[in-house]
Amino acid sequence: MTLEIEQLSQPFAARLHGVDIRKPMGADLLRDIKSALATYSVAIIGHDAPPTNEQHIAFSGLLGPIERGKEGKLGGTGERVPHAEIIDQGNLDEVGEIFADSDRRLAYKRANQLWHTDMSFFEIRATYSLLAAHAIPPAGADTQFVDMRDVFDALPASRKAGLEDLVVEHSYWHSRVLGGGPPPSPEETLARTPARHKMVHVHEPSGRKTLYIASHACGIVGWPQEKALALINELMAFATQPQFVFAHQWKLGDVLIWDNMCTMHRATPFDDTKFKRDVRRTTCRERAVQNATMQIV
Ligand code: OGA
Ligand code: MN
């Protein structure tokens, strides 16, 4: 198969033709996909039926070391999707029924509606996320993206100045609570302490500078909390202006790949107490992680 790239309504988003992640992949095609992902931070691969969990995991492993969650996870539904590599991002419980509105897992899933990049709250960051659509609701639930390299380029010089010296703290619980979820217990807080990352880094595959912030960002090292949140909020608002946003409307069987090192994304609402949405994610990391982490979103 030969790769064909169709650029979409934003220059950073593309549909990849000539790829079926369910099939074994030749080295040439894989090389071309990786090269496309250096330019296009969001790539859509359509299929007439979703990949099996095993196919999804096998393809993801070609793009980097895969995150493996712990068994007995909070965010996922182990029995229905019994793979430590797959994060269950849908609104379905162990037996495939829609979560009760009061279910804590649903509350935390809704934090996905805040702009974020996956796993910035870990020291070893996420590179690619691969999200596969197994069931989609009749309306709503687009996933939106911005490319933070474009955002950084568009910042006025006066605002860019000094950002490269800043180190940001990212906390899992910060965004869970911001998204309307219940506060964590003291043990949970201790189990997930914030991670620190430079606010600006060079995105290695493209060599372009990019901003690295998210709703997980809860502070700037050495800054008072209020001043830090004011800058983070200002940059988040700048980054998510409509001219930067690409929205993906899901079709069954779609597999979306995005590069967390240079994008932010968010889920958008749908009637999640009425319609089923079954979307499953694998995540590649910068480096292999020795200790499995509690399953997260
Ligand atoms: C994710 C995520 C958004 C969505 O899987 O990391 O944020 O629309 N998903 O489900
Ligand atoms: Mn996400």
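Trainee: How many aromatic pairs does a search of the whole structure find?
Mentor: This is a predicted model, in which local features need pLDDT of at least 70 and side-chain atom pairs count only at pLDDT 80 or more, while totals for chains, interfaces and linings use all residues. Residues are numbered from 1 along each chain as its sequence is written, chains are lettered from A and ligands numbered from 1 in the order in which they are written, and side-chain values use heavy atoms, with hydrogens and water left out. Rings of Phe, Tyr and Trp (its six-membered ring) pair if their centres lie within 6.5 Å, and planes under 30 degrees apart count as stacked, over 60 as edge-to-face and the rest as tilted. On that basis, the number of aromatic pairs in the whole structure is seven.

Trainee: Which kind of aromatic pair do Y172 and W173 form?
Mentor: Both Y172 and W173 are buried, where buried means under 20% relative accessible area, exposed over 50% and partly exposed in between, with a 1.4 Å probe and protein chains only. Their ring centres are 4.7 Å apart and their planes stand at 75 degrees, which makes the pair edge-to-face.

Trainee: Why is the pair of F238 and F244 tilted?
Mentor: F238 is partly exposed at 22% relative accessibility, whereas F244 is buried at 12%. The ring centres lie 5.8 Å apart, and the pair is called tilted because the planes are at 50 degrees.

Trainee: Which residue has its charged end over the ring of F152?
Mentor: A charge sits over a ring if NZ of Lys or CZ of Arg is within 6 Å of the ring centre and within 35 degrees of the ring normal. One such case is K227, which lies over the face of W223 at 4.1 Å from the ring centre. Over the ring of F152, at 5.1 Å from its centre, the charged end is that of K160.

Trainee: Which residues coordinate the manganese ion (ligand 2)?
Mentor: Donors are N, O and S atoms within 2.8 Å of the metal (3.2 Å for Na, K and Ca), and since water is not among the atoms, sites may look incomplete. The donor residues are spaced H-x1-D-x146-H in sequence. With distances of 2.1 to 2.2 Å, the ion is coordinated by H116 (NE2), D118 (OD) and H265 (NE2).

Trainee: Where does H265 lie?
Mentor: Helices (H or I, at least four residues) and strands (E, at least two) are DSSP runs, numbered from the N terminus. H116 lies in the loop between α3 (104–109) and β5 (126–135), so its pairing with H265 ties together parts that are 149 residues apart in sequence. H116 is buried, and so is H265, the latter lying in strand β14 (residues 263–267).

Trainee: Which residue of β8 is the bridge partner of H170?
Mentor: Two strands pair if DSSP finds at least two bridges between them. Strand β7 (residues 167–170) has a covered face, formed by V168 and H170, and an uncovered one, formed by V167 and E169. Four bridges join β7 to the antiparallel strand β8 (residues 195–198), and there the partner of H170 is A195.
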